[in-house]
Amino acid sequence: MEPVTIETDRLLLRAFTSADVDAVHRACQDDDIQFYTPVPVPYRRADAERLVHEKLPSQWAEDRDYTLGAFRKDTGALVGSYCLTLVSRGVWELGYWAVKEQRGQGFSVEAARAVCDWGWTTLEVHRIEWWAMVGNTGSRAVAERLGFTVEGTLRSRGIANDGKPHDWWVGGLLRP
């Protein structure tokens, strides 16, 4: 599939371009993004270049991961990254991170809702899952505002960038 563009009241969601590399690099210097998401640590500019120029385009082409950058319409500033990733037939995972300075303004709920709505209408989806490391209360708050049901806690589900196993929350949102 070719990348899409989605508009909300305050945001433009689109594929990342070369012009976004520096903003992605700056955003991923945030300790929370480096701890709660699977980005390389330390996060170098070359990592942002590989992400934007190689990884994300190939994932769109392979129809397994659709990532969009969310940008404010008023300033053009990067808000975050929002994606749907294929888990199994009909099941996709919603993933996201938000730029530290853009948090707490409802942008993540707005962007994630738009991505989920796009998924319901475009993809064969009957369930969208959300996963977050226990302690990532911001991610959980976004998921709950979107209507996800937190279904449980998986003990020692994954090893984080600190090299240690951590518990994870899992939630689900069913086709409306």
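1. In this predicted model, R14 and D20 are joined by a salt bridge with an N to O distance of 2.7 Å. D20 has 5% relative accessibility and is therefore buried, the cut-off being under 20%.

2. A salt bridge also links R103 with D30, their closest N and O atoms lying 2.6 Å apart. Because R103 sits in the loop between strand 5 (91–98) and helix 4 (107–122), and D30 in the loop between helix 1 and helix 2 (31–36), the pair ties together parts that are 73 residues apart in sequence. R103 is partly exposed at 33% relative accessible area, whereas D30, at 10%, counts as buried.

3. R64 and E62 form a salt bridge of 2.4 Å, N to O; R64 is partly exposed at 37%, and E62 is partly exposed at 46%. The salt bridges come to 13 in the count, and D22, R45 and E49 are linked in a network of them.

4. The side chain of D65 does make polar contacts with the side chains of T67, at 2.9 Å, and T85, at 2.8 Å.

5. The second largest pocket has a volume of about 200 Å³, and of its 14 lining residues those closest to the centre are A23, R26, A27, V99 and E101. Helix 1 (residues 21–27) gives the most to this lining, with three residues, and the lining divides into seven nonpolar, two polar and five charged residues.

Conventions:
Residues numbered from 1 in each chain as written. Predicted model: local features only at pLDDT ≥ 70, side-chain atom pairs only at ≥ 80, totals over all residues. Heavy atoms only, no water. 1 Å grid on protein atoms, 1.4 Å probe; cavity = no way out; pocket = protein on both sides within 12 Å on 5 of 7 lines; lining within 4 Å. Points joined across faces, edges and corners; volume = space filled by probe spheres on them. Helix = DSSP H or I, 4+ residues; strand = E, 2+ residues; numbered from the N terminus. Nonpolar A, V, L, I, M, F, W, Y, C, P; charged D, E, K, R; others polar. Polar contact = N/O pair within 3.5 Å; in protein donor to acceptor, adjacent residues only side chain to side chain. Salt bridge = Lys/Arg side-chain N within 4 Å of Asp/Glu carboxyl O. Buried < 20%, exposed > 50% of the residue type's maximum accessible area, 1.4 Å probe, protein only.
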